[in-house]
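I opened this entry to keep track of what I looked up. The notes run in the order I took them.

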Amino acid sequence: MPTVIGFEGSANKLGIGIVRDGVVLSNPRCTYITPPGQGFMPSDTAKHHRENILDILRKSLEEANIEPKDIDCVCYTKGPGMGAPLVSVAVVARTVAQLWSKPIIGINHCIGHIEMGRLITGADNPTVLYVSGGNTQVIAYLQKRYRIFGETIDIAVGNCLDRFARVLKLSNDPSPGYNIEQMAKRGKKLIELPYTVKGMDVSFSGILSYIESMAPGLIESGECTPEDLCFSLQETVFAMLVETTERAMAHCGSNEVLIVGGVGCNKRLQEMMGIMAEERGAKLYATDMRFCIDNGAMIAQAGWEMFQSGQTTPLEKTTCTQRFRTDEVEVTWRS
């Protein structure tokens, strides 16, 4: 039963988790939060990670009640993500692996989300909707790869929601997407927005441009409230995601759907996907904030699977890459 530690810092969440044989022993994290109306810059985010990482590492070991000698493998997020934060965390993971004389594995961030989702929910072979601030993909497993059936052709759905939160000057605490979700619950009027599905792919940049330019006028004229706009944006983009996911499920003959990634905690998205799944006689699997928002345990879990199947990364190849496709990884741990 190997014990694996995972380092995650591809965006504004810094997390270090420890997993042993399907059990999450610890999973502390901290978030870099900027003032309302602002995003997070790579250099500032990397600085935040550097300042907090040793503290989080100490917490992770204490919570799990284990010592470095009990760790069998060190894992870190290789990509995709923001360059500077990725590198700042990888340097620490690489140092720790050498200090503790442990093997190291570079992990694909998306596969971390998928494996964590499968572990926590017990989903066997689901069609996966991966939705976050940086990624939007519909994925299914086939012949040793996680195949991408459809994806965003411009910005991610989480990025679309976050950027609209900036227009409304919503707080970034705990996250802009969470605050949009709360506003949307109070929305009553559905404003028609561009709906852009192109085959299996989706596009969010046009919707964002449209709602950004319309919002001030609509709110000033009293035609609708900020809550109505949040409600309308959510309903539209989530409908697009449910449509493409359903098409992938039909293609694969799948009766399971798993939502992973930060936007996956959204209760309205889960509700809409659940309705679609029920109509198909399928089952929806989703997790809560502990596991769908970026965390270290998901990197440890994917690493645990890879380590068990004999994969490790030579030290000279422990680099980072901002572009790392989900289907580039050979899935040696699934039959």
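**Ground rules.** I am working with a predicted model, where local features need pLDDT of at least 70, side-chain atom pairs count only at pLDDT 80 or more, and totals for chains, interfaces and linings use all residues. Residues are numbered from 1 along each chain as its sequence is written, and side-chain values use heavy atoms, with hydrogens and water left out.

**Cores.** I looked up the largest nonpolar core first. The term covers buried Ala, Val, Leu, Ile, Met, Phe, Trp, Tyr and Cys residues joined through side-chain atoms within 4.5 Å. Buried means under 20% relative accessible area, exposed over 50%, and partly exposed in between (1.4 Å probe, protein chains only). This core has 44 residues, and Phe164, Phe204 and Leu233 touch the most other members. Elements giving two or more residues to this core are β7 (127–131), α4 (157–167), α5 (176–184), α6 (205–220), α7 (226–252), β12 (256–260) and α8 (267–279). Helices (H or I, at least four residues) and strands (E, at least two) are DSSP runs, numbered from the N terminus. Helix α7 gives the largest share, 10 residues.

I then listed the partners of leucine 233. Contact here means heavy atoms within 4.5 Å. Beyond four places in sequence, leucine 233 is in contact with Cys160, Leu161, Phe164, Leu193, Ile207 and Ile211. There is a second, separate core of 31 residues; Ile114, Met116, Val329 and Val331 are among them. In soluble globular proteins, nonpolar side chains tend to be buried together.

**Isoleucine 111.** I found isoleucine 111 in helix α3 (residues 109–121). Its relative accessible area is 1%, so isoleucine 111 is buried. Neighbours within four places aside, isoleucine 111 contacts Tyr146, Ala302, Thr326, Val329 and Trp333.

**Glutamine 301.** This residue is in helix α10 (residues 296–308). Glutamine 301 is buried because its relative accessible area is 2%. Outside four places in sequence, glutamine 301 contacts Val19, Gly22, Glu115, Met116 and Leu119.

**Aromatic rings.** Rings of Phe, Tyr and Trp (its six-membered ring) pair if their centres lie within 6.5 Å; planes under 30 degrees apart are stacked, over 60 edge-to-face, and the rest tilted. I get 1 aromatic pair by this rule. Tyrosine 141 and tyrosine 146 form it, edge-to-face, at 5.7 Å centre to centre and 65 degrees between the planes. Both tyrosine 141 and tyrosine 146 are buried. The charged end of arginine 334 sits over the ring of tyrosine 141, 4.1 Å from its centre. That label needs NZ of Lys or CZ of Arg within 6 Å of the ring centre and within 35 degrees of the ring normal.

**Backbone.** I checked for cis peptide bonds. One joins glycine 79 and proline 80, with omega about -10 degrees. Proline 80 is in the loop between β5 (73–79) and α2 (83–99). Another cis bond runs from aspartate 173 to proline 174, with omega near 0 degrees. Proline 174 is in the loop between α4 and α5.

Next came positive phi in residues other than glycine. Glutamine 143 has phi near 45 degrees, and lysine 144 has phi near 65 degrees. Glutamine 143 lies in the loop between β8 (136–142) and β9 (145–151), and lysine 144 is also in the loop between β8 and β9. Glutamine 143 is exposed at 62% relative accessible area; lysine 144 is partly exposed at 32%.

**Charges.** A salt bridge is a side-chain nitrogen of Lys or Arg within 4 Å of a carboxyl oxygen of Asp or Glu. I get 12 salt bridges by this rule. Lysine 47 and glutamate 51 form one at 2.9 Å, N to O. They are 4 residues apart in helix α1 (residues 42–64), which means about one helical turn between them. Glu151, Arg325 and Asp327 are linked in a network of salt bridges.

Which charged residue is buried yet has no salt bridge? I noted aspartate 228, whose nearest side chain of opposite charge, lysine 189, is 6.2 Å away. For charge, Lys and Arg count as positive and Asp and Glu as negative; His and the chain ends are not counted. Aspartate 228 is in helix α7.
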